[in-house]
Amino acid sequence: MSPIFTVIVVILVALAILDLVVGVSNDAINFLNSALGSKVASFRTIVSVAAVGILVGVLTSHGMMEVARNGVFHPEYFTFSEIMFLYVGVMLTDVVLLDGFNKLGLPTSTTVSMIFELLGSAMAVIIYKVNTDSALAVGDIGTLVNGGRALGMISAILVSVVLSFITGAIVMYISRLIFTFRYAKQLKRYGALWCGVAIVGILYFALFKGLKSSGLMTDEISSFISNNIYMVLLVAWIASSLILWVLQLLHVSILKITILSGTFALALAFAGNDLVNFIGVPLAGLDSYKIASGTGNMNMLMGALNDPEMASMGYLAIAGVVMVLTLFFSSDAKKVSKTELTLASQQEEEERFNSTAFSRALVRISVSLNNWYRRVLPNRVVDAINSRFAPLSDSERGSSNFDKIRAVVNLASASILICIGTSFKLPLSTTYVVFMVSMGSSLSDRVWGRDSAVYRITGVGTVIMGWFVTAFIAFCAAFIISTLLMWFHGWALALIVIGAAYMLLRRFLNKKEKSAAAASKKLIEKDDAPEDVLYNCTLTVVNTMEATHRIYNHMLVSLFTENRHELRQMVEESEQMYHEANKRKYGILAVIKKLEAQKVETAHYYVQIVDYLCEVSKALLHCTRPAYEHINNNHRGLTGPQIKSLKAINDRVDDIFASISTMLDTKDFSGLDDVMTKRDDLFNFIADVIKQQIKRVQEAPQGSPEASTRGNSLFLNIMSETKTMILQSRNLIKSEAYFLNAIKEGES
């Protein structure tokens, strides 16, 4: 047995653990978001319930790995060495692909990625076989690969996307007509019956999707349920409704029970059915290694993979522990989850996606249809419907993304749809169903208003396109990687593993640096308590001034030395600062509402501070980004006189920021006039520098560095943005002084 296959087994084991981490981080959206969005319990409680569901699902999983072993290709035509390179190509692709989606914060389907990676890798091996084996021809490709599975996945995407969205919208609309947003009275009347339906759907989902093949249900019980499904569901609904009614009389929150039950069921089914997406390929590779080790023949055909194989309980237990730990500690899981919560939120959120021509056109059509609908229906009917959708006030709504009624609708609708799809043998993706049900329910709940609809439609479209892109990228990447492995064997394996490790470690280290930087800055958030606004405002101004001074200084030095790496870092930091400034600006109204009554007259100073913070960060970004693009495009560096002038300007900027820093540290703003004098001196100096530059350009011969259009444009741009940055910095400090003085006067 060649040592390379032992190395491949070790790599497969390591990749299995990594794949569990990145896979659970992405799929956590499927079973956490309804509970997290409605804030039915604390984060730790919700995750603990999901963790129990995962452990039960993993330990009761039948462990069959048919998809990885023979679901996409026919292993009896592949040798042991071909199978091992095929599997390691799949796993390398899967880990990097899912990590990329986690980085973008987009949910995707681990089932789709695995199917198409297996298909792409199998095609690479088959093409290699056709090229190296004279007994095979191109026409034999259809015999070796099972392309029907891929076509089934594509059709399932289309079916699940449309069906789930429509179902979520209809069920939510009916539920809101029954309960409204102020549902306390209606819940007492109909809550037990309504939640009973949800519990039955969730229970049937857990049994049908999660435990049917676990071994806990005998064939007789499974057959009885299948043959008497309607009677079983009716009895379960009556029993569930009675139990919930009694609990309601005991003042137990039946909505909370229903939501946590749904979270448990989805987590159980996820672990029991999607586990193959993470460890199926490594376990199939390990089985292949054991089979071949007994014979020592690397060229033996692997028809033994057609035999069903139960996964070891030890492997399943380890997988469950890794999944649970990931659930508790993965920041990527929260990032992916935030995408859906933002798109479905009833709160005014900072929109993550921009508008597109398609989303704008769709909103215009919707507005026209709504106007037609209002004209056709009698006013009293329209008014009656609108009264059922009367939104809650800020104080009534709280901080949850949506209420518990919508959370129950999301969980029950998704569970029932997945069960129906499975009963018809449609390979519906849990990710697709859960996400699209949530989007449909949010549309019916009227949270996609005129101010947010275009952005949220774009967000949904981006996620959907990402699903199709997943299939394409998974196939192509696995095909390329496996092709390299088949032709170059150990050398290709070493290079690809090193490349994948570099990509993963680099993102991990960058994530730690960004997290540390974010933790070091206390932002003004819309959920700050009133007594925290003053402290956080001052601290934010201090941090912004320090960061602006540092980034500007480093940007100039890096520009002088043409240090592309350092310039790129400055651009990233300035972009982050601008993003945070915009985020602060978006939440300004919510913060103002939280100010105490005696501080209301200071609100306009607070508004000015937030606005000037945004302008300072924008001016800085307009300095760093053109400087980086200039050097990144390998344009000529600045000339000697230009560098000398910028150094002189930087000395004056240093002096101004030093004065500003002193005032912020001492809370003594008596030096404001001195800063204004220095500002005016700087502006006069910049005006003289620009005149000198114009004269040099006029006198410079054609083609000389002094006549460079790009270099001169960059130089003049830095002059202009420096003036803006200093002007807004001085205005910022002035408003900060007025803000602090007004607060003191209000407290005295």
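I take helices (H or I, at least four residues) and strands (E, at least two) as DSSP runs, numbered from the N terminus. I note that this is a predicted model, in which local features need pLDDT of at least 70 and side-chain atom pairs count only at pLDDT 80 or more, while totals for chains, interfaces and linings use all residues. Residues are numbered from 1 along each chain as its sequence is written, and side-chain values use heavy atoms, with hydrogens and water left out.

**Whole chain**

I looked up the secondary structure and found 27 helices and zero strands in the protein chain. For burial I call a residue buried under 20% relative accessible area, exposed over 50% and partly exposed in between, using a 1.4 Å probe and protein chains only.

**Asn354**

I found Asn354 in the loop between helix H14 (331-344) and H15, and with 62% relative accessibility it counts as exposed. Taking contact to mean heavy atoms within 4.5 Å, and not counting residues up to four places away in sequence, I see that Asn354 touches Tyr455 and Thr458. I also looked up Arg456, which is 102 residues from Asn354 in sequence but 8.6 Å from it in space, C-alpha to C-alpha.

**Gln248**

I place Gln248 in helix H10 (residues 229-249), where it counts as buried because its relative accessibility is 16%. Leaving aside its neighbours within four places in sequence, I list Leu187, Lys188, Ala192 and Ile254 as the contacts of Gln248.

**Second largest pocket**

I worked on a 1 Å grid over the protein atoms alone, where a pocket is an open set of points, each fitting a 1.4 Å probe, with protein on both sides within 12 Å along at least five of seven lines, and lining residues have an atom within 4 Å of a point. The second largest pocket has a volume of about 1200 Å³, counted as the space filled by probe spheres set on the points, which are joined across faces, edges and corners. Of the 31 residues that line this pocket, Ser366, Val367, Asn370, Leu443 and Trp448 are the closest to its centre. Helices H7 (148-179), H15 (357-376), H19 (430-444) and H20 (453-520) each give two or more residues to the lining, and the largest share, 10 residues, comes from H15.

**Cysteines**

I count a disulfide as a pair of cysteine sulfur atoms within 2.5 Å, and by this rule I find zero disulfides. I looked up two cysteines for burial: Cys195 is buried at 0% relative accessibility, whereas Cys476 is partly exposed at 26%.
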